[in-house]
Amino acid sequence: MKKRMVRCRINDIKVEVPEGTTILEAARAQGIYIPALCYHPKLSVTGACRVCLVEVDGVAVVSCATPVEEGMTIITNSPYVEELRRDIIDLILSDHPYDCMVCQKAGDCELQELAYFYQIRYPRFSGRKRSYKTKDGNPFIEREMEKCIQCGRCVKVCDEIQGVCAIDFAYKGFELKVCPPFEKDLDCEFCGQCVSVCPTGALVGKDWIPKGRQMNIKQVDTVCPYCGCGCNITLHVSRNEIIRVTSKPDTLNEGWLCVKGRFAYQFVSSPERLKKPLIKRNGRFEEVSWDTALDFVAQRFKEIKDKYGPDAIAGLSSARCTNEENYLFQKFLRAAIGTNNIDHCARY
Ligand code: SF4
Ligand code: SF4
Ligand code: SF4
C-alpha cells in the first residue's frame with residue numbers, strides 16, 4: 001500500500017518523505033550529514049550512541065529513532081546540537097584506549113573521524129578504563145574489546161543478517177560487554193559481518209595485523225573465486241601481497257561475505273602454491289612444462305578412449321572456475337572426448 005507523505009523542513013530545505021521515514025534517513029537522502037555510530041542502514045534501529053541528535057522545534061531528539069512528522073522544523077547543525085554531539089563523543093572517549101598509533105583501524109575508524117572532526121585531543125572526562133586480559137583464541141577475528149563503544153552493530157548483524165546469534169551483550173552498567181556465551185572463545189561461522197560493521201578497531205581480522213592500514217594500499221575490486229555465488233570483493237594489496245579482503249555495501253552481496261571470501265585469501269601468495277604442472281614418475285612428482293603435461297594428458301586420454309571407449313572417461317568440474325571455463329570443460333568432454341560423463345562439485 002502506498003504510504004502517506006509527510007512534509008517537514010530540514011535546515012530550511014522543504015522535504016517530503018513517506019510516513020515512517022526517520023529524520024536521519026530523510027536528512028541523508030538530501031545529502032545532509034548527521035554523524036551516527038550505532039546506526040547502520042541495513043540493521044534495525046538501536047538508538048544507543050546518541051551522536052545523531054538533532055534539534056526539533058528547540059528540543060534535542062535522536063534522529064535515527066524519530067520518524068518525521070508533518071510540519072516538523074529540524075535543524076541538524078545548530079551550535080546546540082554540535083555541542084551536545086561533541087560532549088557525547090568526549091564521553092565515549094573517556095574510557096577509550098588512545099591507541100590510534102598502533103590500531104589496525106586508524107584511518108578508517110568512525111570514532112577517530114568524529115574525534116578529529118570535533119578536535120577532541122584529550123577527553124575532558126576521565127575515569128575507569130576497561131581492561132580485558134584474556135585474548136579471544138579464535139582463529140580469525142581479533143576482539144580488542146577495550147575499543148568497543150557498545151554500539152551493538154555486531155550483535156545485530158550476527159542476529160539479523162547472519163542469523164547466528166553468536167554474540168550478545170552481557171553484564172550491566174560499566175561492566176557491560178559484548179561477548180560469546182559464557183565469555184568463551186568466539187566459535188561461530190566466522191563470516192566477519194561483525195568485523196565489517198564495527199565502527200572502531202574493536203573487531204578486526206587477525207591476519208590483517210600489522211600488514212598495513214590505509215597508506216600505500218591499492219584496492220582492487222574483483223569477484224570471489226571460491227564458489228558460484230560470485231560475491232564482489234575488494235582486495236587490499238600492499239607490496240604485491242593481498243593483506244585484507246573487504247566487500248562494498250552496494251554490491252550484489254551487499255558487502256556480506258562468508259569465511260572463505262573474507263579471510264581465506266592467503267593461498268594467493270603461498271610459497272606452497274603450485275605454479276607448474278607435475279607428473280608422477282616412479283612414485284615422485286616432477287615439475288614439467290605445460291607442453292609436456294598437455295601432451296601426456298592427451299596421449300593418456302587417447303589410449304583410454306581407444307581401449308575402453310569414451311565413456312570410460314569422466315570429468316569433474318569445479319565451482320571455483322568461471323562460467324566460461326566450466327562451459328569449455330563440458331564442451332571438451334562432450335565434443336572432443338565424446339562422453340556425457342560430466343559433473344560439478346557444486347551439485348553435492
Ligand atoms: S578504535 Fe579508532 S579511536 Fe580507538 S584507538 Fe583505534 S583508531 Fe583510535
Ligand atoms: S563472524 Fe559472523 S557468525 Fe561470528 S560473531 Fe561475527 S557476525 Fe556472528
Ligand atoms: S564490537 Fe564494535 S560493533 Fe560490536 S558493539 Fe563494540 S564497537 Fe559496536
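These legends describe close-up views of a predicted model.

**View 1. The chain is assigned three domains.**
Domain 1 covers 5-92, domain 2 covers 211-273 and domain 3 covers 278-347. Taken over C-alpha atoms, the centres of domain 1 and domain 3 are separated by 61 Å.

**View 2. Strand E1 pairs with E2 and with E5.**
E1 spans residues 5-10. Its covered face carries Val6, Cys8 and Ile10. Its uncovered face carries Met5, Arg7 and Arg9. Strand E2, residues 13-18, pairs with E1 in the antiparallel sense, over six bridges. Strand E5, residues 72-75, pairs with E1 in the parallel sense, over three bridges. In E2, Arg9 stands opposite Lys14. In E5, the bridge partner of Arg9 is Thr73. The hairpin of E1 and E2 has two residues between the strands. Within this hairpin, Asn11 takes a positive phi near 50°.

**View 3. Eleven named positions surround ligand 1, from His96 to Gly201.**
One stretch of the shell holds His96, Pro97, Asp99, Cys100 and Cys103. Ala106, Cys109 and Gln112 also belong to the shell. Lys147, Thr200 and Gly201 complete the list. By class, the shell divides into five nonpolar, four polar and two charged residues.

**View 4. The largest pocket has a volume of about 800 Å³.**
Its lining counts 29 residues. Nearest the centre of this pocket lie Asp108, Ser196, Val197, Ser247 and Pro249. Two elements give two or more residues to the lining: helix H5 (193-197) and strand E12 (241-246). H5 gives the most, with three residues. What is the make-up of the lining by class? The lining of the largest pocket has ten nonpolar, nine polar and ten charged residues.

**View 5. The largest cavity has a volume of about 100 Å³.**
A total of 14 residues line this cavity. Closest to its centre are Cys158, Ala166, Cys188, Cys191 and Cys194. By class, the lining of the largest cavity has ten nonpolar, three polar and one charged residues. The count of cavities of 30 Å³ or more comes to three. Rolling a probe the size of a water molecule over the atoms shows where such empty space is left.

**View 6. The second largest cavity has a volume of about 80 Å³.**
The lining of this cavity has 14 residues. Nearest its centre lie Cys148, Cys151, Cys154, Cys198 and Ala202. The classes here are nine nonpolar, three polar and two charged.

**View 7. Arg50 and Phe190 each have a positive phi without being glycine.**
For Arg50, phi is about 65°. Arg50 lies in the loop between helix H1 (23-29) and strand E3 (53-56). For Phe190, phi is about 55°. Phe190 sits in the loop between strand E8 (177-179) and H5. Phe190 has a relative accessible area of 8%, so it is buried.

**View 8. A cis peptide bond joins Ile209 and Pro210.**
Omega of this bond is about -15°. Pro210 has its place in the loop between strand E9 (203-205) and E10.

**View 9. Gly228 lies in the loop between strands E10 and E11.**
E10 runs over 218-223 and E11 over 232-238. Is Gly228 buried or exposed? Gly228 is exposed, because its relative accessible area is 69%. Cys148 gives a point of reference: 80 residues separate Gly228 from Cys148 along the chain. The C-alpha atoms of Gly228 and Cys148 are separated by 35 Å.

Methods:
Residues numbered from 1 in each chain as written. Chains lettered and ligands numbered in written order. Predicted model: local features only at pLDDT ≥ 70, side-chain atom pairs only at ≥ 80, totals over all residues. Heavy atoms only, no water. Near = heavy atom within 4 Å. Nonpolar A, V, L, I, M, F, W, Y, C, P; charged D, E, K, R; others polar. 1 Å grid on protein atoms, 1.4 Å probe; cavity = no way out; pocket = protein on both sides within 12 Å on 5 of 7 lines; lining within 4 Å. Points joined across faces, edges and corners; volume = space filled by probe spheres on them. Helix = DSSP H or I, 4+ residues; strand = E, 2+ residues; numbered from the N terminus. Domains from an automatic or database assignment. Buried < 20%, exposed > 50% of the residue type's maximum accessible area, 1.4 Å probe, protein only. Pairing = 2+ DSSP bridges.
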